[in-house]
Amino acid sequence: MILEALIAFTFLAALVVLLAPDAWAGRLAFALSAVPFAGSLYAWSQFDGAGNALTGGTIAFESQFEWIEVGGRSVSWFVGLDGISLPLVVLTTFLVPLAIVSAWTPIDTRQSQFYGLMLFMEANLLGVFTALDFFLWFVFWEAVLVPMYFLIGVWGGPRRKYAAIKFFVYTNAASLLMFIGFMSLVFALGDSVSSFALPEITAAIANGGLGEWFGIAPGTVALGAFLAMFAGFAVKVPVVPVHTWLPDAHVEAPTPVSVLLAGVLLKMGTYALLRYNFTMLPNQASALAIPIAAIAVISVIYGAMLALAQKDLKRIVAYSSVSSMGYVILGLVVFTEYGVGGATFQMVAHGLISGLMFMAVGVVYNATHTRMVGDMAGMADRMPITVGILVAGAFGYMGLPLMAGFAGEFFIFVGAFGAPSLPYAPAFTALAMFGIVIVAGYLLSAMQKTLFGPFRLETDYEVGRAPVHDVAPLAVLLAAIIVLGVAPDVFFEMIRDAAIPVVEGVSADV
Amino acid sequence: MVNAFAYVPAVVLLPFVSFLVALGAGRYLPKGGAFGGIAATAGSFLLSVWVAATVAGGRAYNETVYTWAGGDQFELTFGLLVDPLSALMLVIVTLVALLVHVFSLGYMNDEGETGLPRYYAGLGLFTASMLGFVVADNLLMAFMFFELVGLCSYLLIGFHFREPGPPSAAKKAFLVTRFGDYFFLVGVVAVFATFGTAAFAGDGSFPALAEAALEGSADVWTPGGLELGTWLTVVGLLVLGGVVGKSAQFPLHTWLPDAMEGPTPVSALIHAATMVAAGVYLVARMYGFYALTPTTLGVIAFIGGFTALFAATMGVVKDELKQVLAYSTISQYGYMMLALGAGGYVAAVFHLTTHAFFKALLFLGAGSVIIAMHHNEDMWDMGGLKSKLPVTYYTFLAGSLALAGIFPFAGFWSKDEVLYEALVHGLNDPLLLGGYLMGLLAVPVTAFYTFRMVFLTFHGDPRTETARDPEPVRWNVKGPLMVLGTLAVGTGLINMVPVQKVFGLEGIDYLHRWLDNEWGGIAGLSSHHYADIGPYSSGYLVGGETGTVLVGAAVSLGLALAGLGLAWRFYNVASPTEHTAALGGIKDVLYNNYYLDELQVWIAYRTADIAGGADTFDQGIIDGVVNGISSVSLAGGGRIRRIQTGVVSEYAAMLTLGLIALLVVLGVGGGWFL
Amino acid sequence: MVPPEWYLLLAAGVFCIGLFGVLTRNDALYFLMSVELMMNAANINFVAFALYYGDLTGQVFALFVIALAAAEVAIGIGIILVLYRNFGDIDVTVPTEMRW
């Protein structure tokens with residue numbers, strides 16, 4: 001019942017904060033958000049899952065209740081954790097309190113609503129990562145968009161309405177596509193499934209339960225469903241060419257929202273890809289390995305090249321997220337232990353690192369009120385600690401060893417290079433790896449221009465040291481990044497355990 | 001019995017602790033945390049000596065200590081590999097690091113620099129990373145510490161971050177080496193994919209597996225059915241990319257001269273004695289692999305020989321003390337690469353050792369001169385410092401003689417052996433012979449620029465007010481100089497192969513015996529083994545082995561003396577002039593480093609242009625399509641909503657018309673009117 | 001007995017008069033009256049068919065419609081009063097606030 005308690009508490013906390021006075025909503029929200037984090041740590045300590053939740057592994061904290069019945073198929077409240085979802089749950093509950101603290105400085109209107117929405121979003125995110133029933137999952141999945149829409153649209157920058165609507169419509173349209181894809185799969189399964197529970201559906205597909213649907217052959221249905229779901233999730237990830245909502249949303253979103261957007265929301269896309277496309281339909285994924293790997297490589301290189309051209313620090317980090325997510329796609333499609341495991345690890349690692357980068361850029365912005373590269377120089381002189389952490393975070397982004405990003409990327413590379421199921425794997429991998437040079441290029445030159453050299457600032461603000469509550473979350477994140485980089489096995493072991501069944505799902509004859 | 005190997009982690013961790021201390025509490029400590037660094041490196045040095053003594057006692061160590069990430073495919077681990085090579089390197093690194101820490105007291109603290117905790121933290125982290133790299137037992141761990149070394153280099157080059165130059169140089173250093181490291185990382189991944197392990201030593205190590213696979217007794221993965229030998233060559237060349245970047249070999253050498261923006265002790269530690277050595281050390285570390293791929297060896301030798309000559313020519317025209325030293329560093333690492341490529345494993349390690357000492361000496365000597373000159377590095381503003389700075393002068397001279405390869409200083413012995421190896425193996429291999437000839441040509445050039453530097457700095461009349469009245473330096477500067485001066489004179493004693501061969505004195509080639517596991521070591525990691533599996537056979541000039549030794553030594557010494565003499569003639573006068581007019585247009589080319597920096601800047605700008613183009617494409621086409629879809633729906637909606645006039649009568653009319661239309665449609669469809 | 005076609009023709013005629021009124025008049029009161037006419041056309045149909053089939057259900061419905069029409073007039077007059085108060089006129093083409 002711990003997952004129910006976690007989700008219910010977070011919803012309740014959102015309500016409480018929403019009704020609290022603005023003056024101390026931020027502090028209250030932080031205190032309340034610490035509880036889910038503690039809860040997720042407790043869940044981690046009690047974690048007894050084994051294998052992958054979808055392929056018949058032992059699900060930790062499994063709980064299932066009949067809910068409603070639709071068209072002869074039952075919808076249930078069905079939650080549980082495995083080695084893939086637990087790290088993401090921990091990541092979510094870890095990032096939200098830090099994002100809340102980082103909001104204390106920049107958010108100065110309608111605080112109680114802001115923090116209430118943050119917590120509401122957290123509750124839904126937890127639902128997304130724990131739900132094992134499609135219907136339940138879909139409810140949470142869609143519900144995440146609502147607080148995000150308001151968080152960008154109300155507290156955002158000058159073009160916030162454009163960005164919020166673009167984000168909402170784009171991802172919602174994608175959800176529709178994904179929904180159609182999944183539903184065609186369910187209907188094609190016909191009587192071989194009696195519920196929307198993901199493990200049951202996965203098993204039914206693996207056992208050849210797909211039948212004809214409106215005269216369409218099962219293989220075609222599966223392929224069509226795969227493509228529809230891939231397209232739907234690709235928007236969320238996002239991969240090139242459906243990425244353009246991301247920079248706009250990031251630039252307009254306030255710092256703490258950017259942190260969650262990059263840190264957790266993007267992972268919803270890759271998590272769903274892993275669950276639905278790569279676990280349920282591994283053979284289709286494997287058959288489409290070359291185009292998917294090509295998309296991944298293009299995302300990596302093209303995203304990095306776009307980041308190189310940007311002048312706005314947030315846009316730089318936003319585009320580099322596109323680039324980093326490309327690695328995740330590559331890791332998934334190769335179907336090796338290190339590839340799939342590394343992709344999942346990279347989700348967590350990138351969540352922490354991009355969170356740190358957005359937060360650090362936000363702290364600089366709080367002081368300077370500009371994010372443009374040309375508007376400032378020599379910030380290291382005025383904000384030594386913030387800049388120090390920003391530099392460390394940037395090196396983490398570049399994949400410096402003993403930081404989390406390197407572990408994720410290296411796992412993916414080492415898993416992808418010799419992957420048997422992907423033709424031309426070495427070439428794809430080597431091409432994608434060139435991203436580590438470009439990322440160093442744009443981050444180093446942006447840092448050189450803004451942080452070092454003689455101090456100069458174009459805006460009329462007095463720049464002093466950042467307050468402790470701005471810097472503390474940065475330090476905590478950095479520490480987490482280093483811990484994961486030095487000892488990736490804290491997560492990687494369980495991730496691997498859950499990833500191996502996914503790899504084994506590819507049947508040899510395809 | 002207390003086991004020295006149990007303390008190997010401490011060798012690495014002590015400087016790391018000093019990093020933490022300096023970072024966390026440096027500003028509360030006297031001297032900004034310097035003493036912590038000195039104590040840590042001194043401790044590491046003593047432990048290293050102990051470890052080396054244990055290795056000499058016949059034992060070696062190869063253990064996995066930490067599983068970074070486990071897996072069924074392969075485990076990614078950290079381990080310690082202590083054999084004669086790494087023990088020697090440990091001693092060199094810790095000794096130079098210790099001396100540099102002491103020197104920093106004079107160069108940084110006494111000069112009133114700010115940000116000292118950051119400086120000492122950087123030095124500590126650098127030393128720890130380098131030591132971690134040295135003891136790494138597998139390629140992945142080596143890569144990880146290799147990268148950390150690059151980070152420290154970035155932090156220390158950019159130490160004076162408030163000025164515009166250093167951050168730019170730091171960026172360049174990291175980017176250029178990162179470009180090399182990209183190939184290295186691909187190589188690491190390829191090694192894992194091919195062999196399933198990246199261990200350096202043991203039966204299951206990748207060099208051993210590669211050897212077995214070439215013999216046909218083991219099966220390894222190759223991509224797309226590629227022929228094994230070709231694939232191993234590709235892997236070797238990929239890893240070599242990192243080496244070329246870190247050891248500043250052509251064409252990735254451009255970062256090193258710029259890196260002189262960093263404080264001088266940093267230049268001594270990082271850009272001369274240790275970090276740049278990392279590349280060469282890596283090749284030596286996995287020499288059992290490289291020896292299997294003749295093409296790679298040929299490439300290494302050729303790159304090395306070319307870089308030796310190429311960098312030396314640029315050193316001839318530089319005006320600043322540290323710039324000359326920077327180019328000489330590049331050139332000297334070229335020699336080491338030449339030796340490695342030529343199958344001269346011991347020669348390379350020997351030159352690595354002597355170079356570490358004499359180049360650290362020269363940089364620290366330059367640092368001493370820079371203190372004296374109030375941070376003016378232009379040699380044309382110096383002159384006549386010989387009498388004002390006697391300790392600096394004589395130690396610097398010793399280092400210069402070693403660098404120029406003058407008998408009997410350390411550099412002579414090691415450079416001679418490098419050239420000898422290239423010669424005897426090159427007589428059967430034209431590519432190698434080309435490398436040898438370039439290396440030989442670089443000898444007089446080296447001697448020339450070295451002594452041009454010595455004469456301009458220390459001889460003649462003082463050319464500025466500062467040079468007439470230089471600032472004195474203290475014990476903390478002189479001490480390290482004297483230690484290193486002694487080593488620069490005497491290190492040659494560890495490996496006097498020519499003497500052995502000519503006079504038949506058996507057993508004075510200590511380094512050969514050391515690296516041949518004569519006192520102990522790990523099977524498969526000995527110079528003999530490398531020679532056995534290597535592709536080279538020796539050829540001799542007239543007079544067999546002895547004759548070749550003598551001819552080779554005489555030629556290189558003669559050329560060195562010629563270069564020295566020329567420098568003497570031009571610059572050892574009261575008021576020297578540039579004498580570069582004779583070079584004509586070549587001078588500009590040399591002075592601008594063959595315009596390679598311009599080339600790299602050009603590449604950077606073109607990349608930025610491409611990025612700009614991609615951005616325009618992204619905003620215009622891709623996002624344009626997205627916005628286009630939204631505009632089309634909005635505009636379409638705008639048209640259709642015009643029906644909604646708000647006039648109730650019109651709604652009613654529409655209702656009626658709709659009803660009629662429906663009736664007509666149903667009627668036609670239902671056949672009522674037929 | 002009068003055949004049902006005649007009733008239906010009558011009802012259709014009354015309905016069309018009502019519809020004509022609704023479509024051509026701008027005055028809200030005429031509007032309301034026209035709507036009444038249309039409803040009564042429906043009533044005629046109800047009653048006519050009730051007679052034709054000998055079933056009282058149609059007559060019951062006619063009563064319902066009459067009650068409904070009364071209620072509708074009450075609301076309709078209310079709306080007209082509000083219209084007058086807000087726009088100073090009872091011309092239905094003037095209030096176009098609902099547009100877009």
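Visitor: Where does Gly304(B) sit?
Guide: Gly304(B) lies in helix H13 of chain B, which covers residues 294–315. Keep in mind that this is a predicted model.

Visitor: Is Gly304(B) buried or exposed?
Guide: Buried. Gly304(B) has 33 other C-beta atoms within 10 Å, and 20 or more count as buried.

Visitor: Which residues does Gly304(B) contact, leaving aside neighbours within four places in sequence?
Guide: There are several. Among them are Gln249(B), Gly334(B), Tyr335(B) and Met336(B). The list also includes Met337(B), Leu338(B), Gly341(B) and Gly435(B).

Visitor: And Ala342(B)? What separates its C-alpha atom from that of Gly304(B)?
Guide: The separation is 9.8 Å. Along the chain, Gly304(B) and Ala342(B) are 38 residues apart.

Visitor: New topic. How many helices and strands does chain A have?
Guide: Chain A has 21 helices and 4 strands.

Visitor: Why call chain A as compact as a globular protein of that length?
Guide: Because its radius of gyration is 22 Å, close to the 24 Å that the globule rule gives for 510 residues. The C-alpha trace of chain A spans about 70 × 55 × 40 Å along its principal axes.

Visitor: What percentage of chain A counts as buried?
Guide: Of its 510 residues, 65% do.

Visitor: What about contacts in chain A between residues 24 or more positions apart?
Guide: They make up 79% of the chain A contacts with a separation of 6 or more.

Visitor: Last one. How many residues do chains C and B bring to their contact?
Guide: Chain C gives 11 residues and chain B gives 10. On the chain C side, 6 are nonpolar, 3 polar and 2 charged.

Terms used:
Residues numbered from 1 in each chain as written. Chains lettered and ligands numbered in written order. Predicted model: local features only at pLDDT ≥ 70, side-chain atom pairs only at ≥ 80, totals over all residues. Contact = placed C-beta atoms within 7 Å. Nonpolar A, V, L, I, M, F, W, Y, C, P; charged D, E, K, R; others polar. Helix = DSSP H or I, 4+ residues; strand = E, 2+ residues; numbered from the N terminus. Buried ≥ 20, exposed ≤ 12 C-beta atoms within 10 Å, placed from the backbone. Rg over C-alpha atoms; globule rule 2.2 N^0.38 Å.
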